[in-house]
Amino acid sequence: MLHEHDTAKWRIYEALLQATPDLSYVFDLQHRFIYANKALLDMWGMRWEEAAGKTCLELGYAPWHAAMHDDEIEQVIATRRPVRGEVPFPHTTEGTRVYDYIFTPVFGPDGQVEAIAGSTRDITERTRHAQHLQLLVNELTHRVKNTLATVQSIARQTFANADGMDDAC
């Protein structure tokens, strides 16, 4: 039975987790979702009643993706340490997005891992911005190299046709 203080704390945590645009969730030790906030349910296009107690594979994740998360959950349980990753995933209304996620252990009163909490952030725009910036840097590097090659060529021709340093200048 929850005490009034615990109930108030739960309402605060629930309000916070439901308000964030980040995906927040909890897996049990059998890799089943035991909590998913609104942002994650919206991404899946599901209600909690449809998702509760299901694994990634049962929720329609690609087999490779579900297996990857299964391995990471087992790693968190075994090492008692967080695991972080980045993965593309199809959002029901926004198409494929890129997500940065972290799985972290939840320790019980006995000090053992009793669940795995997760938080995931959509980094699609940041990733696109970084790729665009890299294209600009590559283009700038290319242009600088071309300009330098032209200057070197002119300098070589100038010095090749000169009889001495005074002639070249």
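These are my notebook entries on a predicted model of one protein chain.

**Ground rules.** I number residues from 1 along each chain as its sequence is written, and my side-chain values use heavy atoms, with hydrogens and water left out. Because the model is predicted, I kept local features at pLDDT of at least 70 and counted side-chain atom pairs at pLDDT 80 or more, while totals for chains, interfaces and linings use all residues.

**Overall layout.** I looked up the secondary structure and found 6 helices and 5 strands, taken as DSSP runs numbered from the N terminus (helices: H or I, at least four residues; strands: E, at least two). Along the sequence, the order reads α-β-β-α-α-α-β-β-β-α-α. I noted that 30% of the 169 residues count as buried, where buried means under 20% relative accessible area, exposed means over 50% and partly exposed lies in between (1.4 Å probe, protein chains only). The chain exposes about 11,500 Å², of which carbon and sulfur atoms supply 58%; these areas come from the Shrake-Rupley method with a 1.4 Å probe, and for residues only the protein chains shown count as cover. Taking contact as heavy atoms within 4.5 Å, I found that residues 24 or more positions apart account for 37% of the contacts with a separation of 6 or more.

**Aromatic rings.** I counted 7 aromatic pairs in the structure. The rule I applied pairs rings of Phe, Tyr and Trp (its six-membered ring) if their centres lie within 6.5 Å, with planes under 30 degrees apart called stacked, over 60 edge-to-face and the rest tilted. Tyr25 is buried at 6% relative accessibility, and Phe33 is buried at 2%. Phe33 also pairs with Trp44, their centres 4.9 Å apart and their planes at 80°, so this pair is edge-to-face as well. Since Phe33 lies in strand β2 (residues 33–36) and Trp44 in helix α2 (residues 38–44), the pair ties together parts that are 11 residues apart in sequence. I also checked that Phe33 and Trp44 are both buried. Ring pairs link Tyr25, Phe27, Phe33, Trp44, Tyr101 and Phe103 into a cluster.

I placed Thr124 in helix α5 (residues 124–161) and Asp122 in strand β5 (residues 113–122). Thr124 is buried, with a relative accessible area of 4%, whereas Asp122 is partly exposed at 32%. The side chains of Thr124 and Asp122 are joined by a polar contact of 2.6 Å, by which I mean a pair of N or O atoms within 3.5 Å (within protein, one must be able to donate a hydrogen and the other to accept it, and residues adjacent in sequence count only if both atoms are side-chain atoms). The side chain of Arg97 makes a polar contact of 2.8 Å with that of Asp122 and one of 3.5 Å with that of Thr124. Leaving aside neighbours within four places in sequence, Asp122 is in contact with Glu94, Arg97, Val98 and Tyr99. The C-alpha atoms of Asp122 and Tyr99 are separated by 4.6 Å, although these residues are 23 residues apart along the chain.

**Asp22.** I then turned to Asp22, which sits in the loop between α1 (4–19) and β1 (23–27) and is buried, with a relative accessible area of 12%. The side chain of Asp22 makes a polar contact of 2.6 Å with the side chain of Arg121. Not counting residues up to four places away in sequence, Asp22 touches Asn37, Ala39, Thr120 and Arg121.

**Backbone angles.** Most residues other than glycine have a negative phi. I therefore recorded His31, which is not a glycine and has a positive phi of about 75°; His31 lies in the loop between β1 and β2 and is buried, with a relative accessible area of 10%. Arg80, again not a glycine, has a positive phi of about 65°. Arg80 is in the loop between α4 (63–79) and β3 (83–91) and counts as partly exposed at 38% relative accessibility.
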